[in-house]
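I opened the model to look up its pockets, strands and aromatic rings. My entries follow in the order in which I looked.

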Amino acid sequence: REIPTTRLFLSGLRSVSRLELRSVRVDGRPASHRLLRHAKGTRLLLPDPLPAGRRAISLEYRTDRRLAFLEDYDELHWIVTSNEWKLPIARARAELRLPFSGKAPLHHMRARAGEADEVGKDYNAYDGPDGALVFESARALGPREGFAVTVALRKGSLAAPSARALRLRLWADNLPVLAGVAGLLCVLAYYALAWRAVRGPPAESPARAQARAEPAPPGLSPA
């Protein structure tokens, strides 16, 4: 299972989501597993090979930073199955249960089935039991074809984090980058001071010779 946890910005900074894996089960029984961290996120590996036959694999995990607080609405974007998967998928299905007592204040919703740039086709969406929003792929997915869902809520439906909290989290996610920039500035400052110390103070300019004409004494010619 590929779980994206890192988002890269054009500025070179990144946003990292926390991931807490709570349980991994195969056919209802706890299963051994490994977690591999990579540049884009986390890969969960199960024992290889699994017993032959059809198997039900259940993963339970908790993550954060999946909401985008945009100007006109608040948005949840969830990658159900990643485009990094190398196996075909007969059907992808997701049920979203939002923290509202009644009907969710939807702005819009959509899904993507297939390549990363395919939006708004090959899926079905409907209201499920207990107020859940259900998304299903309308076709089988081939290798490296993913399924992702997006649910947008009316602005203000969810409490947005403060600007200060966002800045602190961004700094924490990019400490290595910020430390590298600070280190580079310190090195440049050191070399600038060292160069100034070796070079010494600027030399004074030589005094300019000044000539002043005096009137000749009486009886003497200028020659």
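Entry: second largest pocket. I sorted the lining of the second largest pocket by class and got 16 nonpolar, nine polar and 10 charged residues. In this sorting Ala, Val, Leu, Ile, Met, Phe, Trp, Tyr, Cys and Pro are nonpolar, Asp, Glu, Lys and Arg are charged, and the others, Gly among them, are polar.

I note that this is a predicted model, where local features need pLDDT of at least 70 and side-chain atom pairs pLDDT 80 or more, while totals for chains, interfaces and linings use all residues. Residues are numbered from 1 along each chain as its sequence is written, and side-chain values use heavy atoms, with hydrogens and water left out.

The lining of this second pocket counts 35 residues, and Arg-7, Ser-15, Ser-17, Arg-65 and Arg-66 are the ones nearest the centre. A pocket here is an open set of points on a 1 Å grid over the protein atoms alone, where a 1.4 Å probe fits, with protein on both sides within 12 Å along at least five of seven lines; lining residues have an atom within 4 Å of a point. I read a volume of about 1,400 Å³ for the second largest pocket, volume being the space filled by probe spheres set on the points, which are joined across faces, edges and corners. At least two lining residues each come from strand E1 (2–4), strand E2 (6–8), strand E9 (67–69), E10 and helix H1 (163–173). Helices (H or I, at least four residues) and strands (E, at least two) are DSSP runs numbered from the N terminus.

Entry: Arg-65. I found Arg-65 in the loop between E8 and E9. Is Arg-65 buried or partly exposed? Its relative accessible area is 29%, so Arg-65 is partly exposed (buried is under 20%, exposed over 50%, partly exposed in between; 1.4 Å probe, protein chains only). Thr-5 is 60 residues from Arg-65 along the chain, and their C-alpha atoms are 9.0 Å apart.

Entry: largest pocket. The largest pocket holds about 2,200 Å³ of space. I counted 46 lining residues, with Arg-1, Leu-59, Val-80, Thr-81 and Trp-85 nearest the centre. By class, the lining of the largest pocket has 24 nonpolar, four polar and 18 charged residues. Which strand gives the most to this lining? E8 does, with seven residues.

Entry: strands. I traced an open sheet of three strands in the order E11-E14-E13, paired antiparallel; two strands pair if DSSP finds at least two bridges between them. E11 (93–96) and E13 (123–127) are the edge strands, each with a single partner, so one side of each has no neighbour in the sheet. E13 and E14 (residues 133–137) run antiparallel and share five bridges, and Tyr-126 has Val-134 in E14 as its bridge partner.

Elsewhere, E6 (residues 34–37) and E7 run antiparallel with four bridges. A hairpin of three residues connects E6 to E7, and Arg-37 is opposite Thr-42 in E7.

Entry: aromatic rings. I found two aromatic pairs in the structure. One of them, Tyr-190 with Tyr-191, is edge-to-face, at 5.6 Å centre to centre and 70° between the planes. Rings of Phe, Tyr and Trp (its six-membered ring) pair if their centres lie within 6.5 Å; planes under 30 degrees apart are stacked, over 60 edge-to-face and the rest tilted. Tyr-190 is exposed at 54% relative accessibility, and Tyr-191 is exposed with a relative accessible area of 54%.
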